Amino acid sequence: VVFDAPETKVVLENQKESTFEFSWWWIYFLGAGISMIWFVVSFNRLRKIKVHATPQERNGIQFHRVSHSKMALSFMGSILIGDQIKEQHLEAILSHEHVHTYQKHHLDLVFFQLLNILMWFNPFNYLFLNRLKLTHELLADRAVAQRVGTNNYAHLLLKETFDTSDVLFANMFFSFKTIKTRIAML
């Protein structure tokens with residue numbers, strides 16, 4: 001095989017130089033941008049829910065009642081409770097969410113969400129965030145279980161997880177993935 005070096009050189013000289021140079025920074029900023037957009041959209045969605053909810057108070061705990069909803073969550077120091085949650089379980093749920101707001105768990109979550117925007121490529125950040133959420137749930141569960149009784153609270157968790165007819169909650173309050181851990185920790 002014989003290569004003709006001068007012809008190869010002519011081909012290379014006739015090619016136009018590309019003005020775009022590949023850089024890994026482009027991929028980093030694209031991922032960070034997508035993560036930031038997801039964060040802002042999620043934040044605004046919850047903010048809109050809070051704005052349209054009705055402020056209420058029960059046993060000294062202020063919360064927002066969301067119409068046509070089963071949700072039970074805390075958001076930036078506020079408690080959002082769906083109006084489809086039965087009154088008999090409302091006190092335990094409010095206590096649970098109040099622990100989240102009192103201990104300012106939202107500050108941890110926002111900090112690590114922002115950290116995940118900067119380090120979106122690191123899977124350990126997402127694992128750590130999931131463990132942090134579980135730890136927050138366990139702390140709130142412990143406080144409520146001491147107040148309403150461990151057996152009663154464990155029964156309440158099981159009712160929601162297996163979707164029995166006694167109570168309806170949002171999956172944000174109860175997670176099937178963590179129910180075994182949460183009941184074991186009670």
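## Basis

The model is predicted: local features need pLDDT of at least 70, side-chain atom pairs count only at pLDDT 80 or more, and totals for chains, interfaces and linings use all residues. Residues are numbered from 1 along each chain as its sequence is written, and side-chain values use heavy atoms, with hydrogens and water left out.

Helices (H or I, at least four residues) and strands (E, at least two) are DSSP runs, numbered from the N terminus.

## Hairpin and loops

β3 (72-75) and β4 (78-82) pair in the antiparallel sense over 4 bridges. Strands pair if DSSP finds at least two bridges between them. F75 stands opposite S78 in β4. The two strands form a hairpin with 2 residues between them. M76 lies in that turn and has a positive phi of about 50 degrees. M76 is partly exposed, at 38% relative accessible area.

N59 also has a positive phi of about 50 degrees, although it is not a glycine. N59 sits in the loop between β1 (54-58) and β2 (61-66). N59 counts as exposed, at 57% relative accessibility. The classes rest on relative accessible area: buried is under 20%, exposed over 50%, partly exposed in between (1.4 Å probe, protein chains only).

## Nonpolar cores

A nonpolar core is a set of buried Ala, Val, Leu, Ile, Met, Phe, Trp, Tyr and Cys residues joined through side-chain atoms within 4.5 Å. The largest has 9 residues: I61, F63, A72, I79, I81, I85, L90, I93 and L94. β2, β4 and α3 each give two or more residues to this core. α3 gives the most, with 3. Apart from this core lies another, of 7 residues, among them A92, V144, A145 and L157.

Leaving aside neighbours within four places in sequence, I79 has contacts (heavy atoms within 4.5 Å) that include I61, F63, L73, L94 and T101.

## Second largest pocket

A pocket is an open set of points on a 1 Å grid over the protein atoms alone, where a 1.4 Å probe fits, with protein on both sides within 12 Å along at least five of seven lines. Lining residues have an atom within 4 Å of a point. The second largest pocket holds about 160 Å³ of space. Its volume is the space filled by probe spheres set on the points, which are joined across faces, edges and corners.

The lining is Q88, H89, E91, A92, V148, N152, Y153, H155, L156 and K159. α3 (87-102) and α6 (150-161) are the elements that give two or more residues. α6 has the largest share, 5 residues. The lining divides into 4 nonpolar, 4 polar and 2 charged residues. Here Ala, Val, Leu, Ile, Met, Phe, Trp, Tyr, Cys and Pro count as nonpolar, Asp, Glu, Lys and Arg as charged, and the others, Gly among them, as polar.
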